[in-house]
Amino acid sequence: MNLTPVSHQISPSWHSAAGGLRLPPDEVHIWRVALQMESSALWACWDLLSPEETRLASSYRFVKDLREFVITRAVLRQVLTRYTGQSPADLRFESNPGGKPVLQGAQTLHFSVSHCSDLALIAVACVRIGIDVEHVRPGNFWQKVIGQYLSPRERAYLEALPAKSRTVALYRIWTRKEAVLKAVGTGLLYPPHQVSVLPENKEPSVVNLLGRDWFVRQLPAPGRYAAAAAIEAPAFKPKWRQWRFPVAKLLTHPRRQLTVASPIPQPTGAS
């Protein structure tokens with residue numbers, strides 16, 4: 001089994017992209033998004049959201065969570081525009097029975113989104129895919145929260161590790177598990193403790209769930225993050241993309257009226 005500490009991974013080369021993008025069947029495009037933005041950029045993100053998305057954003061209790069959702073959803077719209085040729089405002093999302101958002105009218109374009117702290121990852125592929133990123137946090141609280149969702153095999157594996165290695169290994173297992181459940185489309189509605197995602201001798205490893213094989217691999221992640229992806233294709237080539245939000249261009253567009261009861265909080269507020 002290979003659960004190399006996050007800090008020992010080789011960083012990929014992240015490339016920006018301009019104009020339309022072609023998505024070959026054997027590729028997965030993984031976009032990295034920084035979630036630290038000035039207030040003007042945050043307003044530009046807010047203006048890209050649909051009325052339903054602004055209502056959902058306003059329901060968040062903490063500013064940090066609201067900011068993560070607003071920026072990630074706005075960038076998702078901009079990213080998917082590169083593949084569909086539609087304007088961000090014309091994109092329509094719906095949720096499957098498990099709550100996973102899907103793009104209307106694009107059966108061959110699949111995506112998955114994950115955000116945590118100051119980082120978001122967006123995966124785009126021609127087949128079903130799931131992605132997850134987590135901020136590796138030391139401390140018994142988070143280990144207990146995640147630990148209740150582990151399979152017996154995963155628990156045994158962690159208990160056999162030296163104490164100093166367990167936190168990173170725990171988060172790497174958790175990102176793999178979340179990625180699989182996102183790819184399936186159920187999220188945590190499927191009992192997570194019934195899914196074992198430990199890697200075997202090589203990556204990607206195979207997890208059989210609901211009659212399908214899901215190919216799971218750990219992804220390089222910066223700093224104290226762990227990330228993983230799961231896809232229903234046996235072989236796929238990751239292409240790394242860095243998103244740079246075109247704030248200046250967006251701020252030249254006319255502002256629309258907010259359709260929610262309260263305005264978006266400033267990003268410098270309490271978290």
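1. Let's start with Thr-175. Leaving out residues up to four places away in sequence, Thr-175 touches Asp-132, Val-133, Glu-134, Gln-218, Ala-226, Ala-227 and Ala-228 (contact means heavy atoms within 4.5 Å). Thr-175 sits in helix 6, and counts as buried because its relative accessibility is 0% (buried is under 20% relative accessible area, exposed over 50%, partly exposed in between, with a 1.4 Å probe and protein chains only).

2. A word on where this comes from. This is a predicted model, in which local features need pLDDT of at least 70 and side-chain atom pairs count only at pLDDT 80 or more, while totals for chains, interfaces and linings use all residues. Residues are numbered from 1 along each chain as its sequence is written, and side-chain values use heavy atoms, with hydrogens and water left out.

3. Now the overall picture. The protein has seven helices and 10 strands (DSSP runs numbered from the N terminus: H or I of at least four residues for helices, E of at least two for strands). Of its 271 residues, 50% count as buried. Among contacts with a separation of 6 or more, 67% are between residues 24 or more positions apart.

4. Leu-170 is also found in helix 6 and is buried, at 4% relative accessible area. Setting aside neighbours within four places in sequence, Leu-170 is in contact with Gln-143, Ile-146, Leu-150 and Leu-158.

5. On a 1 Å grid over the protein atoms alone, a pocket is an open set of points where a 1.4 Å probe fits, with protein on both sides within 12 Å along at least five of seven lines; lining residues have an atom within 4 Å of a point. The space in this second largest pocket is about 210 Å³. Helix 4 (140-147), helix 5 (152-159) and helix 6 (166-184) each supply at least two lining residues, and helix 5 gives the most, with three.

6. Last, have a look at Glu-27 in strand 1 (residues 27-34). Glu-27 is buried yet has no salt bridge, and the nearest side chain of opposite charge, Lys-239, is 4.2 Å away (a salt bridge puts a side-chain nitrogen of Lys or Arg within 4 Å of a carboxyl oxygen of Asp or Glu). Not counting residues up to four places away in sequence, Glu-27 touches Val-124, Ala-125, Lys-237 and Lys-239.

Methods. Lys, Arg positive; Asp, Glu negative; His and termini not counted. Points joined across faces, edges and corners; volume = space filled by probe spheres on them.
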